[in-house]
Amino acid sequence: MRRRRAGARQGAAEERRQGDTAKQEKRRDAEESGAKEQNKEQSEERNKERNKERGDVAPRADAPNAQTLGRDQSGVYVNAPATNSAFSPEFVMRGFPAGVTLFDGAAHGFTAQNVDLSTVDHVEFYKGPSAMLFGKALGGYGGAADYIRKAPTQETFARAVATQASFDVTRFTANVNAPLNDDKSLLFRMTGSAQTLGSFVDFVRTRSFDIAPMLAFTADNGDRVSLRAEHNGARLVWRDGVPADPVFLHIPKEFYAGLPANEHETPFFDDLTLRYEHAFNKDWKIAAVVDYFLYADHWGWFTGWGYDGFQSVVFGNPVSARTANRSFDAQLRLNGRFDTGFLSHTVFLGLEQWDFYFGYNNNVARYEAAPLNIFAPVYSPGVSYAGAFWSNGVARALSRSVYGQDLIDLNENWRILIGGRYDLLAQRERVFDPFGALTGEPTSSLSKGTKGYFSPRAGILYRPDEETQFFAAYGKSLIPNTGVRIQSGEAPPPQQDTQYELGFRREFLNRKMSFEVGLFDITRDNVAIPNPANPSGFYSVVTGQQHSHGIEVNLGGEILPNLKINAVATFLHALVSKDDNIPSQQGSDLLGAPRRVYAVSANYAFDAGELKGLELGTSYYYASRLEATLPNTYGFTLAPQQMLGATFAYNLTDKLRLEINAANLTNQSNWTSNGALYHGEPRTVSTSLSYKY
């Protein structure tokens, strides 16, 4: 349900919517990636062990909080209003928009997408070398969010959570788990949600539901098979934001800068995931994962949305669009450990086939919609598509890949990492615009191409003692430019990232606290920019370059019994380093990339006395001034963001829990920009009551 203002480059925009042993294992996870602890080397083996452990512990009682998700992570910025929607927000990592969303390590193509958090146990953020989950280079080096979904456990329970919040937010979630046989080898879990969301912005509202059943079977020989399905559907009026002009910073926050009659959406998706795991012995294991994902939407946009410079929002021609995409991803991965002389090797080797398809069909109204006066708005009750122009297109990307990695223990103090991925990438796109409604001229074009790409990665780690680590890492990655149209008819080359990283980690207070600092430098080549030879902006040239470098600092842990703190800081500069089309854009800061971000939180849980069961928390978030436009406009920046939050939770009984969350207590405006401006959510309070049976 994510969409940026489409404009004439609608096709590309639509596609973007989318004990000691325990300590040794924990250290190995951190060292395998040659990165910081929160950037542990990710593997299916690690997720499998986590899922096994869940059979012996109580599962999470709640889902990640959409208003705070990602804000406690260094290098991660949420370039969207903080809303109590129960859907994940949009992340910018190390200055670049997150290019891929992962689910238990599998991606639905290379696009980012919103996630219904009611199905999610927790979220892991991968940056730097570990952004290539399972050696996966697709997605780039800014980073990736991996949503670890709720899996069956051996416990029998049913849990329901009812939430009521500011701006007419009503939400109900259900979570049912049960073994289906006596020996608990066959497990079942189902999560679901239904919600109605209002907004402080006029007309904006959402109704949605989600249901996700999952079966997991463990055979006598230890083999594990799981099958998970999910269906999500919604009806909504999309929030457009407002055009990027200083005048809109002073209008009422309730102002809706669109045409509601044309902006009702009906998105839905279906997802099916099959996983099989087999251990040959304690050192060698194999896993296979197959994921099929289908998404479709019917929505409206405009060809010329913007500001007339006087008193009105202009729209151009209304467009009614139907879009669909599907993704098929299959992976086979072998994990193992062996010794050669005095060297110890931890290796994996994987094969992957990934197939992504995207199609769209547009009806373009013959007339331009009437401008909307921002001081006295009158909204049209309907839109006519009688005799409309039309256009359509399809795009497909197919990748066959092999990837591998060898983590070599030289001795107790030194480790080196060598790995890489080879992608044979095939791309094909067809555009048919017989009236020139979008391209500016009648167009029927076809582009295709196949090319191989190698993405290496390497790292070295030095551990002078058990609590201290130093590391250096290097890697390359790629992001297919599917949906980017080249006027010559050739398939566009993919974006390619090159990153260097240095880091340090120190644990103290008996490993209850940790301090981490990392330095990174990323260059992104082959960025698609509008073709100056095509005024409509429908076609692109792939010549741009972007660069980001910075420092990330993390401090966190249990500083006192029952008192946990987390403090992060990010200092970065992300900019356009090359643009052959718009020279004035070169040197401009990227949107959604504040140069400084700080966040601190503290939580205390009473575990004894009359206050046993009470939990208190507070948080503060700060992001420095943001550029409002690209290229940057002198004097037009967005004020720093500041958010103060508080939580109160109390276990009324062993089964009943009350939780109150307050966000943006100081009622800051907290504007963001992705080309359009968005007013942050005002002060909000939500109350949740959960019952476990």
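Let's start with Arg657, which counts as buried because its relative accessibility is 18%; buried means under 20% relative accessible area, exposed over 50%, and partly exposed in between, using a 1.4 Å probe and protein chains only. Keep in mind that this is a predicted model, where local features need pLDDT of at least 70 and side-chain atom pairs count only at pLDDT 80 or more, while totals for chains, interfaces and linings use all residues. Residues are numbered from 1 along each chain as its sequence is written, and side-chain values use heavy atoms, with hydrogens and water left out.

Arg657 has a charged partner: it makes a salt bridge with Glu659, with the closest N and O atoms 3.8 Å apart. A salt bridge here is a side-chain nitrogen of Lys or Arg within 4 Å of a carboxyl oxygen of Asp or Glu. Arg657 also touches Leu652, which, leaving aside its neighbours within four places in sequence, is in contact with Arg657, Leu658 and Leu689 (contact means heavy atoms within 4.5 Å). Leu652 sits in the loop between strand E34 (641–651) and strand E35 (656–663). Strands (E, at least two residues) and helices (H or I, at least four) are DSSP runs, numbered from the N terminus. With a relative accessible area of 41%, Leu652 is partly exposed.

Now hop over to another charged pair. Asp104 and Arg149 form a salt bridge, their closest N and O atoms being 3.2 Å apart. This pair links distant parts of the chain, 45 residues apart: Asp104 is in the loop between strand E4 (101–103) and E5, and Arg149 is in strand E7. Both residues are buried.

Those strands belong to an open sheet of four, in the order E5-E4-E7-E6, with mixed pairing. Strands E5 (106–107) and E6 (120–126) stand at the edges with a single partner strand each, so one side of each has no neighbour in the sheet. Two strands pair if DSSP finds at least two bridges between them. E6 and E7 (residues 144–149) run antiparallel and are joined by six bridges, and Arg149 turns up here too, as the bridge partner of Val120.
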